[in-house]
Amino acid sequence: MIRIALAGQPNSGKSTVFNQVAGYRSITSNFPGKTVTYFISKVSIEGEVVEVVDLPGTYSLTSSDEAELEARNYILRGEADVIINVVDATVLSRSLEFTLQLMQLGKPIVICLNMMDEAEHKGLQIQVDKLSEKLGIPIIPTVASRGIGVSKVFSTALKVAKNPSVSKPVLPFFSSDVEEAISSIIEAMPEDFPQKFKDMKIDKRFLAIKLLEQDEFFWNKIRDNRDFIKRFKLIQSNIEADRGMPSDLVIASERHAISMAWFEETVTVVPAEIGLAHKMDDLLMHPYLGYLIAAGALYLFFKFVFTFGSALQEPLLTGFNRYIIEPSVAYLGKNTLTGKLVNGLLQGIAGGLTVNLPYVLPLLIGLAFLEDTGYLPRAAFMLDTFMHRMGLHGKAVFPMLLGYGCSVPAIMATRIMESKRDRAITSSLVLLIPCSGRTIVILGLVGYYMGMNAAFSIYLLDLLIIAIVGFIISHLKPEVTPGMILEIPELRWPVPKIMLLKIWLRLKEFLIVAWPLLIISSVILSLMDFYGFNDVFNSVMAPLTSVLLGLPISAGTPLILSILRKELALIMLSEALGTWNLSDVLTETQMFTFAVFTTFFIPCFTSMGMIVKELGWKTAVKSAFLTLIIAVILATLTRLLI
Amino acid sequence: MRLSEARIGSVYLIIEIKGDIKVRQHLSKLGVLPGVKVKLENKAALGGALLLNVEGKKVGIERRIADKILVGTHE
């Protein structure tokens, strides 16, 4: 089957192009052994079924981050027959630098010159045929958000895949001094060099350029050849001395110059009027007002999510209990195995439907709106300085605040951050934020029996711990991308169809990953209850619960099982202690200790599953371990000090 | 002069980017390179980020990084 890969820079509309043809049928896939994901779909083009792969959007093809490395190696392994390069016409010169890098990979290319309407508004008149001739690549102008030109892009790609001679990229030369350096490097290269990259088809020129770019991936493979390295370093230091900049910047400047030349030869810039969008930006990113607007936007966003969520949660929960769970359990018998199993199953379904979904859905709508209008990067721009105190970037604000509702959508929301490090740190911190399930424990136990101030102090303690932990882990994990360098795309009205599709694709991930986990944990919970595992748990947990934390031995089961469903911890504690008036059996210290422990202790199974899915096992295990340690330390301190 | 000390509304020529390869690579991806003209469009208060216009495209960079970019006035 013919395989077409989509490649392009972030914000080029690449996913829009992909979604226009693949739509809701696309599925997410991981690169082998990696957490970098891409979308894949089978699409029928002119009656022929082809596979379309949407590679991660990247600014360049260096190996400075995992997504770029995987996207590049995918192409280098020759897995695609043709590449569609989606180019944002409004930033043509910069986008062509990426095209130039793609051209070096030696695959036939079709350019999808997207956002032609906006480029026109900006006063850019692009001579498409002339540019196409210069590059030796077919170029199709499109407005992907409205579907204009998209089918022609794919039919052209199909034609090229069958007859690669239609797309013959004309690789331009660099300045003569750089070309000389490249030739000398090629001469110094041992014959077997390109063969070190077994499954990749690369030539010596490509390798020489990559080495000048100081590309880690290629560099690591040849570093044991001391003789070559010595000669390479000499050539490199010569060109660096001549140009007065590091060799990676020399190559970057060369690419920049070539793209600029292409741009200047094929584009006429006519003055454009300053649009509303530009004036809006002066306000949205105003040195002072920008902060107020960002705060207001955050407030509205969460108001929307929580209003929607709480309005639905209550009636759904009551309705589900009254009309479905109670009659079913009553019919099957409360203490029979079937009764327990069905109860667990239904509780799991109810949990997803009534506790998670009411928050996940408005969250996804709100996020898609903020993303598609372009406000999200603007908010990140403004809030950056605050999040920095914790070693994070501005975008982390959204997932962190969402964590107060439910960790699952909060972890999903970390996707707005590009770097995996930032996502991992933010996800770990999200787990420390009391979600609504844990809020039930804090308010129902400490708040109810000890007063609101005591409950509030747990929230304050929590904020303090998050700041400290954030500070520590962000310093332990040095930044890969050093600080915030963020493209701010143009403000635009979202296209409903594209937005809905985005929401659906993300919702689907919740439905097929998080919800089933919740149902499974719920069933396990019922089974354990039926078979009387409680005593086993209690004695296993005794060293922790009674010796270290000074809690009743029977608190062991609720604590362990709270991993499955946080919001049930309090109910289970009451059941385990055999009373609904907990002040009869627990001292205030014990209540406080229990609440602190539940707040920080390993987050629920569902959110762990979400982290595994999004960031891999290692991150999940590490963050679970982190929360466990924090919980034990804090709860022990609570016992000793309060 | 450092970019972080530049004046809002003025155009500058980037002279040098200090800092390691990661900083350089990341900046050059968004077109922030020696020899390129940038306009400083805005500077968030409270030590916040800087908004640049790089060849018609808006790029936000935090102050720590703007400290590492040396610019000259360009007329």
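**Ground rules.** I am working with a predicted model, where local features need pLDDT of at least 70, side-chain atom pairs count only at pLDDT 80 or more, and totals for chains, interfaces and linings use all residues. Residues are numbered from 1 along each chain as its sequence is written, while chains are lettered from A and ligands numbered from 1 in the order in which they are written.

I then noted who touches whom, contact meaning C-beta atoms, placed from the backbone, within 7 Å. H19(A) brings A:Ile442, A:Leu443, A:Val446, A:Gly447 and A:Met450, and H20(A) brings A:Met452, A:Ala454, A:Ala455 and A:Ile458. The classes are: Ala, Val, Leu, Ile, Met, Phe, Trp, Tyr, Cys and Pro nonpolar; Asp, Glu, Lys and Arg charged; the others, Gly among them, polar.

**Entry 1: chain A meets chain B.** I find 33 residues from chain B and 32 residues from chain A in the contact. On the chain B side, two or more residues each come from helix H1 (21-29), strand S2 (37-43), strand S4 (57-61) and helix H2 (63-66). H1(B) gives the most, with 9 residues. That side has 14 nonpolar, 10 polar and 9 charged residues.

**Entry 2: a sheet across the two chains.** I followed the strands next, where pairing takes at least two DSSP bridges. Strand S10 (residues 485-488) of chain A runs antiparallel to S4(B), joined by 4 bridges, and A:Ile485 stands opposite B:Ile61. The open sheet has 6 strands in the order S10(A)-S4(B)-S3(B)-S2(B)-S1(B)-S5(B), with antiparallel pairing. Its edge strands are S10 of chain A and strand S5 (69-73) of chain B. At the S5(B) end, strand S1 (residues 11-17) of chain B pairs with S5(B) over 5 bridges, and there B:Ile14 stands opposite B:Val71.

**Entry 3: a covered strand in chain A.** Is strand S6 (residues 109-114) of chain A mostly covered or mostly open? Mostly covered: 6 of its 6 residues are buried, buried meaning 20 or more other C-beta atoms within 10 Å of the residue's own, against 12 or fewer for exposed and partly exposed in between, with C-beta atoms placed from the backbone. A:Ile109, A:Ile111 and A:Leu113 point one way, and A:Val110, A:Cys112 and A:Asn114 the other way. Strand S5 (residues 82-88) of chain A pairs with S6(A) in the parallel sense over 6 bridges. I also noted A:Asn114 as the bridge partner of A:Asp88.

Conventions: Contact = placed C-beta atoms within 7 Å.
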